[in-house]
Amino acid sequence: MPHLNLHISGPADNELARRATAAVADLTVDILGKRRELIAIEVRFIERAQWFIGGQSLEELGKNTFFLDISITDETNTKDEKARFIEQAYAQLAALIGEVHEVSYIHVVDARAAAYGYGGATQEHRYQAAKG
């Protein structure tokens, strides 16, 4: 039941949003083993003049960037899986967006099962209910 926030520099671009969300959704399924029907992704575009790295705007730097934040239930993925997700998500998003500054972040948030859920139920509740 991952929730993802994807911020991309530049003007709103629906086609880029679709391609980027498809790419990260595929990685979320293929690498992290999450169910596609439970993946929720929010995309926001931020003008390059309003995004700063090292005190300079992306407009000044002539670069693009992104920030991907993904919340998953703690203890459901290994360090190696998360590292592979970060590596491949960075590569795919950089290829789609182009001219990406190295300071483009991906944050995998391990949310406690008792403090994370959807549909009014925590992941801990779902886990306990599935056990019996």
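Contact here means heavy atoms within 4.5 Å. The model described is predicted. On that basis, helix H3 lies across strands S1, S5 and S6. The helix runs at about 150° to S5.

The protein chain as a whole has 4 helices and 8 strands. Read from the N terminus, its elements follow the order β-α-β-β-β-α-β-α-β-β-β-α. Along the principal axes, the C-alpha atoms of the chain fill a box of roughly 60 × 30 × 30 Å.

An open sheet of 4 strands is present, in the order S2-S1-S5-S6. Its pairing is mixed. Strands S2 (40–46) and S6 form the edges, and each of them pairs on one side only. From one strand to the next, the twist averages 10°. Strands of a sheet pair through backbone hydrogen bonds, either parallel or antiparallel.

At one end of this order, S1 (residues 3–9) and S2 run parallel. They are joined by 7 bridges. Asn 5 has Glu 42 of S2 as its bridge partner. Ile 8 is partnered in S2 by Phe 45. Between these two strands the chain passes through H1, going from S1 to S2. This β-α-β crossover is right-handed.

At the other end, S5 (residues 66–73) and S6 (residues 105–111) also run parallel, with 7 bridges between them. Ile 70 stands opposite Val 108 of S6. Here the chain leaves S5, passes through H3 and reaches S6. This β-α-β crossover, too, is right-handed.

The helices of the two crossovers, H1 and H3, also pack against each other. Two packed helices are described by the angle between their axes and the distance between the axes. For H1 (residues 14–30) and H3 (residues 79–97), the angle is about 165° and the axes are 10 Å apart. H1 is therefore roughly antiparallel to H3. The crossing of the two helices is right-handed. On the H1 side, the contact is made by Leu 16, Arg 19, Ala 20, Ala 23, Val 24, Leu 27 and Thr 28. H3 contributes Phe 85, Gln 88, Ala 89, Gln 92, Leu 93, Leu 96 and Ile 97. By class, the contact of H1 with H3 has 10 nonpolar, 3 polar and 1 charged residues.

With neighbours within four places in sequence left aside, Ala 94 is in contact with Phe 66 and Val 100. Phe 66 falls within the residue range of S5, 66–73.

Note on methods
Residues numbered from 1 in each chain as written. Predicted model: local features only at pLDDT ≥ 70, side-chain atom pairs only at ≥ 80, totals over all residues. Heavy atoms only, no water. Axes fitted to C-alpha atoms, helices over the stretch in contact; angles between N-to-C directions. Parallel < 35°, antiparallel > 145°, perpendicular 65-115°, else oblique. Left-handed = near helix turned anticlockwise from the far one by under 90°. Nonpolar A, V, L, I, M, F, W, Y, C, P; charged D, E, K, R; others polar. Pairing = 2+ DSSP bridges. Right-handed = clockwise from strand over helix to strand, strands pointing away.
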